[in-house]
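Hi,

Here is the structure I promised to pass on.

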Amino acid sequence: MRRRTFLKGVAATAAVGGPLIVTGRTIAQTRTIYVNTWGGSWTAAEEAAFFKPFTEQTGIRVRTVAPVSYAKLKAQVQSGSYEWDITAVTQADLLRAEREGLVEPIDWTIVKKEKLFPNAVYANGLAYCALGTNLAYRKDKFPQGGPKTWADFWDMKKFPGNRSMYNNAVRAAQFALVADGVPPDKVFPMDVDRAFKKLDQIKPHIKVWWTQGNQSQQLLRDGEVDMMVMWNARASELAQQGHPVEVVWHGAAITTTMWGIAKGAPNRKAAWEFLQFAVQAKPQADFANRLYYGPTNPEAFKFISPEVARQLPTYSENAKVAIRPDTVWEADHTARIQERFTQWLAA
Amino acid sequence: MAGGLSPAATPGAELGVRNARRGQRAAWLLLGPPSLVLTLLFMVPIALMLVTSVTDPRLSLAHYQRIFTVPLYTHVMLNTFVTSLIVTALCLVLGYPVAYVMTRRTDWVSTLLLTIVAMSFWTGFLVRTYAWLVVLGSKGPVIAAYHALGLGGSPPKLLFTSFASTLGMTHILLPYMILALFAVMKKIEPDHLKAAASLGARPRAAFREVFLPLSLPGVVNGSLLVFVICLGFFVTPILLGTPRDMMISQLINQQIEELLAWGFASAVAVVLLVATGIILAVYNRFAGLDRLWG
């Protein structure tokens, strides 16, 4: 089943082909919207949960363009030629884009406020799903019990073994502060100097600083590392494939991925119709059942089995022990911290 | 070529001038479209990039100041050039003998080598990069061989080192070098070497005095090709190397994709372009760029 939907996703992506410029004329005839997506299993899950049912309901066709490119959002708005209407980005990125005037304001004639859940709207986008950035480890390497906190991740004596972290400055600093004993509600605004001091301790033990989701899975699957920072659905996918992988929710970072529409996108009316549809409980649940990123609409849990729910970032037991980053602080400081982090890595 | 301004003394000369003029016009007609394409798709964007680097987000030279004052950027820039030089040298040392054998042998050996090189050339570089992850990985054949030989102790760290990154890039760029060398070596007349031998040159002397100098355009061509492609590499060092092996294009990508800092990214790109230009100019001064075209 998963494989078939995946193939369908590939076929749909292939049908769109290479870069495609949407002009005003082509869309008037067909009513098609273009969605910027991650490709692979992500797009396959979207295809089944959002695109197909939406087309059946409205007759509006959905085409996808992969992979997600934040820079293209800016390029499209600046050049006025659009490859896609909708994209999915993190909340902090959406906020920065909105400040630069790259995002279409919500069309309240189409989006119905009463049909939205609390916190659905942010920076002129709608909440898509919640993504966990977790500590994951190989159970077979720790028969006496694996690490349970970031302090354990930092503890080379109690938990020896190869480690890998996500090459992302804010996330790395966040985990370092938690490991250093900062209470969850005091992590933001960050004491950046303290975070880097703590990161100094772990740096020699980090075998790889990964940048891509596929790469992170390969590291844990092949046993290159024993524990690592990983996106929750990526880790769950490994466990589903039969690898002895355990996901830790304590101190995990939960960020919200947002849907946003490029300012001036030619199909924005139909795009808002689609987003209104996509944030409803049923499609959100269908997506979460396929890819273990959490629904943002609390009602969606009605359609999700307890076994799956326990693995989702927005499941109350998980969300309780995890940390939600301060989006505004992150948007304001990302560039600075990223520069310092990159320099720190290269030194 | 002063456009035929001198008065024609004889009818024959006038005809010659007219022919020359027609030839010139034809040349311009032929040059027109490619020049236009190059201007529109190459010169204009580069000019825009230059403008962006000093105007985005406001008119200032602050981006350039940052590049030369924050140690990270000078470090990455330097690393990019040093890595490219090392990879180019390795490709040349490894590729020259292969291209030589491919040229000198006329039988199946040559065909086999050419097939292998071409297949390697056509295999996607991402595939080859991931292949190295397996080969050098902790469950890969290299580590397995280490254990099988009973060398004892913990095996050396291969993956996620500068060594792995350099190895991967050399492997990916080697076919470019070999094919560039082969194209030039193939044109060297075998009779030249026979002539050298008939004049008493031993094989080694014939190679040194005749073949090597004639193959230099290929060396130059291949080296420049590999060097320039290497300057723009970034996926392979990310996947196989350490953060210390960061290349400049990775930095530019990060600025564009993650931070939307197009002004700064443009400034980095301009510095890279100018630095490459300087290298080519120095090279041109001492070796001559026209050698590139054989």
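For what comes next, two residues are in contact if their C-beta atoms, placed from the backbone, lie within 7 Å. Please keep in mind that this is a predicted model.

Let me start with the contact between the two chains. It takes 22 residues from chain A and 20 residues from chain B. On the chain B side, the elements that give two or more residues are α3, α10 and α11. Of these, α3(B) gives the most, with four residues. By residue type, the side of chain B that touches chain A divides into 13 nonpolar, four charged and three polar.

Helix α11 of chain B, residues 248–258, is worth a visit in your viewer. Its buried residues are B:Ile248, B:Gln250, B:Leu251, B:Ile252, B:Gln255 and B:Ile256. What covers them? The cover includes α3 (71–104), α10 (235–240) and α12 (262–286) of chain B, together with α4 (70–79) of chain A. After α11(B) comes B:Leu260, which has a positive phi, near 55°.

Now to chain A, which is divided into domain 1 (2–130 + 256–309) and domain 2 (133–254 + 326–346). Taken over C-alpha atoms, the centres of these two domains of chain A are separated by 28 Å. Their contact takes nine residues from domain 2 and eight residues from domain 1. On the domain 1 side, helix α5 (residues 91–99) of chain A gives the most, with four residues. That side of domain 1 divides into six nonpolar residues, one polar and one charged.

Best wishes

Note on methods: Residues are numbered from 1 along each chain as its sequence is written. Chains are lettered from A and ligands numbered from 1 in the order in which they are written. This is a predicted model: local features need pLDDT of at least 70, side-chain atom pairs count only at pLDDT 80 or more; totals for chains, interfaces and linings use all residues. A residue is buried if 20 or more other C-beta atoms lie within 10 Å of its own, exposed if 12 or fewer, and partly exposed in between; C-beta atoms are placed from the backbone. Ala, Val, Leu, Ile, Met, Phe, Trp, Tyr, Cys and Pro count as nonpolar, Asp, Glu, Lys and Arg as charged, and the others, Gly among them, as polar. Domain bounds come from an automatic or database domain assignment.
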